[in-house]
Amino acid sequence: MIRTAVLAGLLALGAAVPALAGGDPAAVAAVEAFLRNDEKAMLAAVLADKDAAADFNDDVKLAGADPKLMKLVLDKWRGRIVAYAEADARIPTPDVEGTYKNYGALMTPRTRAYMLRRLKTMSDNDRNSLIEYLDAVDTALKDNNGKLTWYTKKVVAGIFDKYREDLNTYLPTPFAQGAKLGGPAASASLASLHKAAEQPAVAVPATPSTKDPVVKKPPVPGKKPAVVADGKNSVAVSSSTAALDQARDAAEAERRAGGNFDGNVTAPADGSVAGGNGSGRPPLGASTPGAKPSLTAGVPSPSDPDDNFLSDVKKLKTGKAPMKFFEYVPAGLGLLLGGLIGFLLGGPIGLLIGAGAGIIAGDALGSKFFK
């Protein structure tokens with residue numbers, strides 16, 4: 001009962017939020033309540049397309065009016081998820097010999113959306129480890145004029161291998177198989193419901209009134225119009241003559257205020273734009289001879305999603321990832337070699353000094369080697 005009430009609230013909120021690329025947050029949350037963690041990331045990838053997001057928002061809005069339709073929405077969009085997974089399960093690894101400005105440029109909008117959503121459902125250690133790998137690739141690109149090092153080439157290939165593995169693991173599941181069969185029918189049913197909802201309402205003829213119609217009597221020639229007092233002024237009830245007088249008075253008032261009765265404004269002599277209350281805006285600057293007016297607004301260009309990707313990823317980091325085995329190897333080798341050389345040169349004391357120096361040198365060389 002509580003879940004149904006929460007769902008209804010999310011659906012109603014989703015219907016009220018303006019359409020966004022990626023889907024309305026409330027609408028996405030309403031559908032995600034029924035999805036697995038991997039499906040949530042796949043839905044984010046599907047909704048990276050603006051047209052798909054608008055379609056999704058419309059479906060959730062329709063289900064908001066009738067929560068029983070959520071089953072159709074789930075079947076349709078699971079079908080879309082399956083179609084996406086089948087396509088991207090064969091996506092090639094980016095050209096690791098190419099030149100890229102940052103890690104985000106190695107990815108498509110769908111893979112970026114997938115990874116950002118997938119990171120949120122990972123364990124802390126796995127999430128922090130993956131973020132550090134991504135950061136290492138991004139740093140290598142910046143330090144090597146957009147080129148990957150031998151180590152970061154392997155990291156990129158490994159990340160895309162894991163991405164394809166996730167999609168291929170999902171496809172044989174009962175969820176995916178059922179959606180592959182039922183998705184097209186659910187999509188057709190929702191299309192019919194949308195079409196029916198767009199049909200104009202049938203006008204209901206008004207019920208004739210049983211009261212006698214009011215018949216207006218024509219004005220009597222020579223008779224003065226009745227006067228109604230409103231507390232301050234006396235207003236003449238409209239007649240043909242009175243209406244014409246009022247129109248003339250209004251035209252005269254408009255002319256005195258600086259405008260014409262047909263709506264065209266006559267600019268005052270001082271160059272200001274007349275306002276309704278008589279106050280004007282600052283004078284308009286004189287136009288430059290021969291200059292063409294520009295219709296381009298000074299709006300800053302939208303931010304590049306490639307540039308934003310890693311900054312969005314880093315916000316999800318919750319701590320330092322545990323060290324991997326290979327990260328201990330350089331320092332360990334430095335310890336052994338430094339200690340051996342130190343012992344040969346200076347005995348036990350040389351052993352301690354050489355071991356310490358070896359650890360420091362090995363760690364520094366290892367960091368450079370695995371960059």
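This is a predicted model: local features need pLDDT of at least 70, side-chain atom pairs count only at pLDDT 80 or more; totals for chains, interfaces and linings use all residues.
The side chains of K153 and E97 meet in a salt bridge, with N and O 3.0 Å apart; the term denotes a side-chain nitrogen of Lys or Arg within 4 Å of a carboxyl oxygen of Asp or Glu. K153 belongs to helix α8 (residues 150-170) and E97 to the loop between α5 (70-88) and α6 (109-119), so this contact ties together parts that are 56 residues apart in sequence. Helices here are DSSP runs of H or I with at least four residues, numbered from the N terminus.

Residues are numbered from 1 along each chain as its sequence is written, and side-chain values use heavy atoms, with hydrogens and water left out.

How accessible are the two partners? K153 is partly exposed at 23% relative accessibility, and E97 is partly exposed at 49%. The classes are buried, under 20% relative accessible area, exposed, over 50%, and partly exposed in between, with a 1.4 Å probe and protein chains only.

I turn next to E132 and K317, a salt bridge whose closest N and O atoms are 3.1 Å apart. This pair links distant parts of the chain, helix α7 (residues 124-143) and the loop between α11 (305-314) and α12 (325-369), 185 residues apart.

Finally, D38 pairs with R36 at 2.7 Å, N to O. D38 is buried at 9%, whereas R36 is partly exposed at 30%. The whole structure contains 19 salt bridges.

Notes: Helices (H or I, at least four residues) and strands (E, at least two) are DSSP runs, numbered from the N terminus.
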